[in-house]
Amino acid sequence: MEHEALVQSRTELDRVLVNVEAAVKVRKRADFFSWVQGVFQGMIAHEALVCGLPQPSVRGLRFEWLGSYPIADDRFRELCRTDGGLLHMLVAAWEQGGRAPLLLRGTESQEAIPRAPSLMEELSRFELANAVAHGLPGLDGQPAAFFAFFKLPTPPASREMRMLELLVPYLYAAWLRANCDTAMQTSVHTVTVPDILTLREVEVLNWVERGKSNNEIAQILNISHLTVKNHVQKILRKLNVQNRAQAVAKGINLNLTRSADYGGRQY
């Protein structure tokens, strides 16, 4: 791998440059979400991405779940468990494997990955098979960042390893800017839920973020399909967006949805 060119064609070079340009333009969480769900999919197609940054108060990472694939709160908490949760296992395997990108193909993995059988069992149990992961080391010896991509459409190969090595530094810089920007905004003016959406509208938006249809939300909340439709229309109008995807992205940026609750998990 160390003698293999990271960019092997003009097409790959063009895609890398497009993603680098998109990465440096990220300033808000909504920008990051749009990037990884947009042109980044041409580099590493995935349905779910977990981003980890250091938690200042402890020696660990704060994980957040992003992507089109929904996950229940209790399932994500289980992934983040410090006593053998999947994310903890991935970070440990990455460190023990020399901090090289991890490829987890269906029921197989790199021979050099420690604890591979347990990792594959957990990936299968959570239905997250076909995954890649990579991070950046910090000056203190602890991970400065960690990113795990799940549910790739095909088993990952050397191309995904090369793209991880190229793009993880840009992922890190963009995710850091997005979170720092949010922190600075909230320190100046804290936006509360009642300022924008009603509690019921926030509840509906949370289910929209999880990929639920209007009919499914109606059944979950035990209200009519028409009522859900009206809530969705009000959400779009209040957030000044055109569609459900934009509403989800803006909800994440404004910390209105469950994504804000997914942080704070230390491995």
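In the model, which is a predicted one, R200, E201, V204 and L205 of helix α8 meet H231, V232, K234, I235, K238 and L239 of helix α10, contact being taken as heavy atoms within 4.5 Å and helices as DSSP runs (H or I, at least four residues) numbered from the N terminus. By class, this contact comprises 5 nonpolar, 1 polar and 4 charged residues, where Ala, Val, Leu, Ile, Met, Phe, Trp, Tyr, Cys and Pro count as nonpolar, Asp, Glu, Lys and Arg as charged, and the others, Gly among them, as polar. The axes of α8 (residues 199–209) and α10 (residues 225–239) lie 10 Å apart at an angle of about 100°, with axes fitted to C-alpha atoms over the stretch in contact and angles running from 0 to 180 degrees between N-to-C directions. The two helices are therefore roughly perpendicular, a label given to angles of 65 to 115 degrees.

The largest cavity is lined by L205, V208, V232, I235, L236, R244 and A247, a cavity being a set of points on a 1 Å grid over the protein atoms alone where a 1.4 Å probe fits but cannot get out, with lining residues having an atom within 4 Å of a point. Two or more lining residues come from each of α8, α10 and α11 (244–253), and α10 gives the most, with 3 residues. The lining has 6 nonpolar, no polar and 1 charged residues.

Residues are numbered from 1 along each chain as its sequence is written. Local features need pLDDT of at least 70 and side-chain atom pairs count only at pLDDT 80 or more, whereas totals for chains, interfaces and linings use all residues, and side-chain values use heavy atoms, with hydrogens and water left out.

Technical notes. Angles under 35 degrees count as roughly parallel, over 145 as roughly antiparallel, 65 to 115 as roughly perpendicular and the rest as oblique. On a 1 Å grid over the protein atoms alone, a cavity is a set of points where a 1.4 Å probe fits but cannot get out, and a pocket is an open set with protein on both sides within 12 Å along at least five of seven lines; lining residues have an atom within 4 Å of a point.
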